[in-house]
Amino acid sequence: MATLKDIAQLASVSIATVSRVLNRDQSLSVTEETRHRILTVAEELGYTKHLKTGESHKLKQKIAIIQWVSEQGELEDLYYYQIRLGIEKRAQELDYDILRYFNDQPFTLSEEVIGILCIGKFSRAQIASFEEYQKPLVFLDSDTLALGHTCVITDFSNAVKQVLDYFINQGMDRVGILTGLEVTTDQEEQIHDKRLEAFISYTQELGIYHEELIFQGEFTAQSGYNLMKHAIQSLGKQLPSAFFAASDSLAIGALRALQEASIHLPERVSLISFNDTSLTKQVFPPLSSITVYTEEMGRTGMDILNREVLHGRKIPSLTMLGTKLTLRESTLH
């Protein structure tokens with residue numbers, strides 16, 4: 001079990017300072033950087049005695065979260081909400097306050113903000129505007145390493161391979177994909193779906209690529225409905241027995257189109273979605289999905305930002321989180 005001495009050694013402070021910080025001694029004159037370093041070391045060592053004490057009323061340092069979606073958009077796409085939730089839970093454990101900014105709300109960061117977490121996809125111009133604040137930056141769900149910024153992303157390539165390998169093992173070698181195009185909120189850059197890139201690459205490698213089985217629209221349930229309806233009408237009896245939808249919203253719309261056409265799942269068509277938000281279990285049949293660890297993405301991003309704030313780390317890094325194929329009633333198994 002960790003002791004105050006262990007924490008003091010790793011945090012490079014005295015045992016007395018550790019004790020007073022963990023006991024939230026308001027009379028202690030210590031920098032916020034030192035206080036967060038002690039709290040971080042205590043948490044990493046599993047020291048929990050200090051959590052039993054009362055809450056401190058001392059002003060906390062502030063972390064900004066910038067969402068690339070609007071507040072309404074976040075409500076409609078639980079994926080981004082869950083990333084933010086992971087950040088906020090971890091920030092609370094590390095004793096930070098959070099300021100939230102959505103893309104439809106003009107903002108100017110206050111001087112009190114010591115670090116910024118950006119969720120989603122941003123153009124080079126938007127990233128340049130964030131850089132002007134001269135605060136540590138961490139991006140979530142966007143590969144910004146080439147632009148010199150630390151990021152946390154999902155392993156799209158292996159996730160898509162899991163889906164295709166599963167379908168092939170079930171004897172399904174004609175696989176369709178429903179995907180979407182996205183544009184940064186300043187309309188400056190189009191975002192190409194990494195899942196589609198991985199899908200094309202792997203199906204070509206396996207010799208099962210069919211251009212006519214790619215359907216691209218937007219990442220919405222309505223688009224999923226429209227794309228699947230078009231697939232049913234254009235392909236007729238050649239409709240593949242397996243589809244991969246690049247988001248839960250697309251899959252839910254596609255499911256409605258299939259049910260309207262009296263095409264049964266999973267007997268005639270197997271369907272796998274991506275993200276595995278709570279919505280996948282609320283439809284019938286419940287959707288098989290690639291489980292993305294969204295809350296863990298948020299927690300990981302918060303931990304990385306915390307280390308950058310505390311230690312002034314300047315080397316950008318990319319952290320990639322794995323996924324899991326979760327099978328439910330929308331697929332044969």
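The model is predicted. Its largest nonpolar core has 57 residues. An open sheet of 6 strands, paired in parallel, is another feature.

**Nonpolar cores**

- Ile87, Leu140 and Met302 have the most contacts inside the largest core, which has 57 residues.
- Helix H7, residues 156–169, gives this core its largest share, 7 residues.
- A separate core of 26 residues lies apart from it, with Ala231, Leu239, Leu271 and Leu287 among its members.
- Nonpolar side chains tend to be buried together in soluble globular proteins.
- Beyond residues up to four places away in sequence, Met302 touches Ile63, Ile87, Arg90, Ala91, Leu94, Tyr96 and Leu117.

**The open sheet**

- The strand order is E2-E1-E3-E4-E5-E13, and the pairing is parallel.
- Strand E2 (97–101) and strand E13 (318–321) are the edge strands, because each pairs on one side only.
- From one strand to the next, the twist averages 20°.
- Strand E1, residues 62–67, runs parallel to E2 and is joined to E2 by 5 bridges.
- Isoleucine 63 has isoleucine 98 in E2 as its bridge partner.
- Helix H6, residues 124–131, packs on the sheet and touches E1, strand E3 (113–119) and strand E4 (137–140).
- The direction of H6 makes about 145° with that of E4.

**Helix H9**

- Helix H9 has 15 residues, 221–235.
- At 1.5 Å a residue H9 should span 21 Å, and its end C-alpha atoms are 21 Å apart, so the two values agree.
- Its buried residues are Ser223, Gly224, Tyr225, Leu227, Met228, Ala231, Ile232 and Leu235.
- Among the elements covering these buried residues are strand E6 (175–180), strand E9 (214–217), strand E10 (242–245) and helix H10 (248–260).

**Threonine 294 in helix H11**

- Threonine 294 is in helix H11, residues 294–311.
- Its relative accessible area is 5%, so threonine 294 counts as buried, the cut-off being under 20%.
- Apart from neighbours within four places in sequence, threonine 294 is in contact with Tyr79, Gln82 and Ile83.

Note on methods
Residues are numbered from 1 along each chain as its sequence is written. This is a predicted model: local features need pLDDT of at least 70, side-chain atom pairs count only at pLDDT 80 or more; totals for chains, interfaces and linings use all residues. Side-chain values use heavy atoms; hydrogens and water are left out. A nonpolar core is a set of buried Ala, Val, Leu, Ile, Met, Phe, Trp, Tyr and Cys residues joined through side-chain atoms within 4.5 Å. Buried means under 20% relative accessible area, exposed over 50%, partly exposed in between (1.4 Å probe, protein chains only). Helices (H or I, at least four residues) and strands (E, at least two) are DSSP runs, numbered from the N terminus. Contact means heavy atoms within 4.5 Å. The expected span of a helix is 1.5 Å times one less than its number of residues. Two strands pair if DSSP finds at least two bridges between them. Axes are lines fitted to C-alpha atoms, for helices over the stretch in contact, and angles run from 0 to 180 degrees between N-to-C directions.
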